[in-house]
Amino acid sequence: MRRLLALTLWPGRKSGAPGYVGWLLLGILLSAATSLTNVGLLAVSAYLISKAALVRESSDLSLLITGVRFFALARAGLRYAERYVTHLATFRILTRLRVWFYRALEPLAPARLQGYRSGDLLTRIAADMETLENFYLRVVIPPLAAALVILAASLFLGFFDRRLAWALLLFALITGVLLPWVNLRLSRGPAAETIRLRAALNAALVDELEGGADLLIFGQAGRYQARTGALSARLHAAQAQLAGVRGLSNALSALLAGLAGVTLLLLAVPLVTGGDLNGVYLAMLPLTAMTALEAVQPMNQAAQMLASSRAAAGRLFELADAPPPVTDPPAPAVAPAAQGGLALDVDHLRFRYSPDAPLVLDGLTFHVPAGGRVALLGPNGSGKSSLINVLLRFWAYEGGVITLGGADLRTLTQDDARRLVGVAPQQVYLFNGSLRENLYLADPDASEEALIDACRLAQLHDWIGSLPQGYDTLVGENGLLLSGGQRQRLAIARAVLKDAPILILDEPAAHLDPLTEQALWQALDSFMAERTTIIISHKPLEAARVDGVVRVG
Amino acid sequence: MPRERLSIRGPARRLLFGATAAGFGAGALLAGQSVLLSLIIDRVFRRGWDPARIAPLLGWVIGLLLLRALCLWLQEIWAQRAAGQVKSALRTQLTDHLYALGPAYTRTQRSGDLVNAAVEGVEALDAYLTQFLPARYLAGLLPLFILLLVFLLDPWTSLILLFTGPMLILLLALIGGRAEALTRQRFAELSWMSAFFLDLLRGLPTLKLFGRSREQAETIEEISRAYGKSTLEVLATAFQSSLVMEWAATAATAMVALETSLRLMNGVLPFERALALLLLTPEFFLPLRQFAVKYHMGAAGKAALERINQVLETPAPAAPAGTHSAAPRFDSRPDPQQLPMRIRFEGVTLRYPPGADGGEERPPALRCLSFTAEAGQSVALVGASGAGKSTVINALAGFVLPQSGQLSVGGVPLARLEMEAWRRQIAWMPQQPHLFHGTVADNIRLARPDAAPEELVSAAQSAHAHEFITQLPQGYETRLGEGGAGLSGGQRQRLALARVFLKDAPLVLLDEITANLDEESEALVRGTLETLLRAGRTGDGRPRTVLLAAHRLELARAADRIVVMDRGRAVQSGPHGQLASVDGPYRALLRAYTGDCADQDAPDEVRPSADLVTGGVP
């Protein structure tokens, strides 16, 4: 938590970035001032009414009347300013956080992100960032503002009698500290249960929806529905338990505010009857305490959010602190010039995904001359795709030597290594944008003709041409609007656009019908002729398409 | 246009009513407490009562406080219980309807979207039901009560509230129309940045692949800034409506304070009334302000309701695909078990329903399709993807209904059969079999929950699944994770085949997997499928009919008969030997498939020989 604050509020002299502590302080002050105007409005109004009961001339009240008007007008304006400033500060802080986190994560992808279950981790990161959005607005600002309000109100009450101030402080501590703490403790169990059951219900519903056809055919729909129903009932029971705690804490906090009023009366009434306090102040005192305590109400929420923010920040820092899998050499070699492909040598390559995992590649050795064309064959899981991860420097290899055009891969910078290798991966990622944007990713400076040529090669152009929006068609989130075959051909088009001396095609024909596959090979033939090509496949290719075969696993 | 509507019935309705009543009680008690406090202050300040005399009054205040606390507690509990009941009912309704719609519908939707509607969407109703709805009712009821109370205390002051209250509501309604749109926009914007960030993180390896990853940090900064700015603009307008709210509430308080104090000075209003009026004025606005705070909770719930109703309002096919058949019950429904499995398509035309997004009409998947599979025969359907092979299988499973033509079984139209009884006659292997959370055994037993362990093993053996299952850490009791993570495509396929064997049905529908299997799995699956294609008989001696949607031609050879499909029609049919010997669509497919097109292959220049490959893994 401290680190999170330091990162965004006091980024340090080194980074040269401005801190946002000033903005945050302003937000806290405005927030406290807003609450205090409300206290002021009611207190002065009560005093005004009390005073009016005693005087006969309205001129005696003019100062108080001005006070009432002032507080009434100031409150609305202050509220607006407070919200504007705190949100502005939050958005700025978040921008910094996002950039910082992206920079920390960038060298880690994909190696350090793979150990977790696929999309899960990244979704969580995005959700964690959203959680932190609330951190400043609902965790940092309210307690500090509430403390200022209570302090000011106590000082005011202390002016009349010290015991009044102590009473307010006591009630504020109970409502703002003890109650949220008890609330947090009591709801911890059911809250965890709720999260767990919600995940289980989610999984059960995914089962029901995705396996719906299987369930219908095998006549099991009713049984699964009953199972989901039972989970749903358990979730609601846990939620009801949480609501019980929440309701109790609402009830107690209202009760405490009322009791504070009663207590102040009990303390003040003897002062009035004893002549130590003018009765004209009597109405104002309990009102001051009760309205000041309203500022403490958000503490319950702040406590809940502190817990979730702490968890979110902890996860983000843990990830950001992971060491990068590959670091650039201190004195990198010059990347080999590439014309007509580069020779690729893999010599006794040994690789595993983590130190305690089994070896995926154990002594892989092969040689492809510049411009050669080789098929890499092997069953699923034999490490064919791992070779791509190694060549792209996404993972470090633990033994053996890889040379590209005579240069040791380890002596090159990661950027250079990646520049030399063009890959059409099997699992292609498409960004939520247009086809054109997704293609230009491979070469932002490419001309329109080059783009179209690449798509022609990949057997995509005719299909794209048939779309009403052509190259500007949006592909949807992760290209979900495209079929497997279309995605794969898009990956090939990207690899063609990238125009690297070494070309790797991972299962290029997996989703293609035989006719399209034929056409693709034919179109790629001249492109591959000028490059060193590796074709990864789980089943034998036609012998004519490659010069040689490497069996893996 | 789907509406946001929600029918709350039965105990949930009573609970929600109780919650609102408790909330009303809490508000009323607060008002009573204010009146009492004013009275106490008056007695001490104006009449100089000593502490002993006001003690009973203070006792009343404490009593009201306790009652109020009880009301607040009950409000939360009852509202949450009501929400639980409504949500449970809604989920059941949703899954019922999705079963009725069948996979033909669920396939058109992204299943993640549907799960979202069923889990997150229904959960979003939680806040709608427990916070938004009671707040809405209280915003309508409590101010009226306070107004009445104020009127009884002092009619003049009630005029102030009567003017500022409706004026406030009017102002809010004026802004409100815009505010609703703004709230929606705000939520869209909030999730947009998150989606953008997620997209970048997911695509990080791809960005690195093309050396474009580092520059994205600037993009994030730029977009995040712009996003913050635009969101703040949206929010600023939202803040304005709360500005109005605050202003009206404080202005009314100030007016009441000034007005009462002047009349108090002139002796026309007693002090305790003036003080009570001052305390009651904020309470008049409190429910309205709370409603404004909870308004966005309603917006999220409304959006979710719209999505849920959109699903619920999608009409199910005339004869539902699900478990509950709504078709008129024929007096003499034929028992599918007694029917010979002679499958006949006669001029069947079938068009998939458009997706729920109201997408355009789709071209028919089957056009005037006619063919027959005799009882005990195996028939392979071949053709390019999109020819309608899988649709034939889906139609037989009752997931989609033909618009015209006749689909009959043993001479009886499929539409006349009771779906559940009919499906008992079918074993099915889909392209992407779903593996459920649970053990391997549970997953196979799906086909027959009462199967004995020996039967399970025997089915797994027939499907060549037994070998890999016994190698799993806990054998048949190994738990499968989300979507059966941990199993390869081939292994999943073999589990689905084990289900087919366990069911031992007289009609077997097979949709061959198109994705890549590793060589070993592929050989095993192919072998199993070939065994199945030799049709044979079920355990109780009935001839078994097998239909295979074949995406590869090798398998089709093993079938008794091949039906070649092209854009929803049967264009050729007969055994492999016969079809392969004549020039026709089958031959064309065969040629493309085997890559037997020497005429297209450019004559090779002398290529480096294979010996350039110097090694491999030993």
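**Figure 1. Packing of helix 3 against helix 10 in chain A.** The axes of helix 3 (residues 21-52) and helix 10 (residues 284-294) of chain A come within 9 Å of each other and cross at roughly 165 degrees. Helix 3 of chain A is therefore roughly antiparallel to helix 10 of chain A. Angles under 35 degrees count as roughly parallel, over 145 as roughly antiparallel, 65 to 115 as roughly perpendicular and the rest as oblique. Axes are lines fitted to C-alpha atoms, for helices over the stretch in contact, and angles run from 0 to 180 degrees between N-to-C directions. The crossing of these two helices, helix 3 and helix 10 of chain A, is right-handed; a crossing has this hand if the near helix is turned clockwise from the far one by less than a right angle, and is left-handed if anticlockwise. From helix 3 of chain A, N38(A), V39(A), L42(A), A43(A), A46(A) and Y47(A) meet M284(A), L287(A), T288(A), T291(A), A292(A) and E294(A) of helix 10 of chain A, contact meaning heavy atoms within 4.5 Å. By class, eight nonpolar, three polar and one charged residues form the contact of helix 3 with helix 10 of chain A. Ala, Val, Leu, Ile, Met, Phe, Trp, Tyr, Cys and Pro count as nonpolar, Asp, Glu, Lys and Arg as charged, and the others, Gly among them, as polar. The model is predicted: local features need pLDDT of at least 70 and side-chain atom pairs count only at pLDDT 80 or more, whereas totals for chains, interfaces and linings use all residues. Residues are numbered from 1 along each chain as its sequence is written, chains are lettered from A and ligands numbered from 1 in the order in which they are written, and side-chain values use heavy atoms, with hydrogens and water left out.

Figure 2. Five strands of chain A form an open sheet in the order 6-7-8-3-9, with parallel pairing. Strand 6 (421-424) and strand 9 (548-551) of chain A are the edge strands, each pairing on one side only. From one strand to the next, the twist averages 20 degrees. Helices (H or I, at least four residues) and strands (E, at least two) are DSSP runs, numbered from the N terminus, and two strands pair if DSSP finds at least two bridges between them. Strand 7 (residues 502-506) and strand 8 (residues 532-537) of chain A run parallel and are joined by five bridges; I504(A) has I534(A) in strand 8 of chain A as its bridge partner. Helix 17 (residues 484-498) of chain A packs on the sheet, touching strand 6 and strand 7 of chain A, and its direction makes about 165 degrees with that of strand 6 of chain A. Helix 12 (residues 384-391) of chain A lies across strand 3 (373-377), strand 6, strand 7 and strand 8 of chain A, at about 145 degrees to strand 7 of chain A.

**Figure 3. Packing of helix 1 against helix 8 in chain B.** Helix 1 (residues 10-47) and helix 8 (residues 271-312) of chain B pack at an angle of about 150 degrees, with their axes 8 Å apart. Helix 1 of chain B is thus roughly antiparallel to helix 8 of chain B. The crossing of helix 1 and helix 8 of chain B is right-handed. Residues of helix 1 of chain B in the contact include L30(B), A31(B), S34(B) and V35(B), and those of helix 8 of chain B include F271(B), E272(B) and L275(B). By class, the contact of helix 1 with helix 8 of chain B has 11 nonpolar, two polar and five charged residues.

Figure 4. Strand 6 of chain B pairs with strand 9 (residues 507-511) of chain B in the parallel sense over four bridges, and I426(B) has L507(B) as its bridge partner in strand 9 of chain B. Both faces of strand 6 (residues 426-429) of chain B are covered: I426(B) and W428(B) on one side, and A427(B) and M429(B) on the other, are all buried, that is, under 20% relative accessible area, with exposed over 50% and partly exposed in between (1.4 Å probe, protein chains only).

**Figure 5. Surroundings of G475(B).** G475(B) lies in the loop between helix 13 (466-471) and strand 8 (479-480) of chain B. G475(B) counts as buried because its relative accessibility is 12%. Not counting residues up to four places away in sequence, G475(B) touches V440(B), I469(B) and T470(B).
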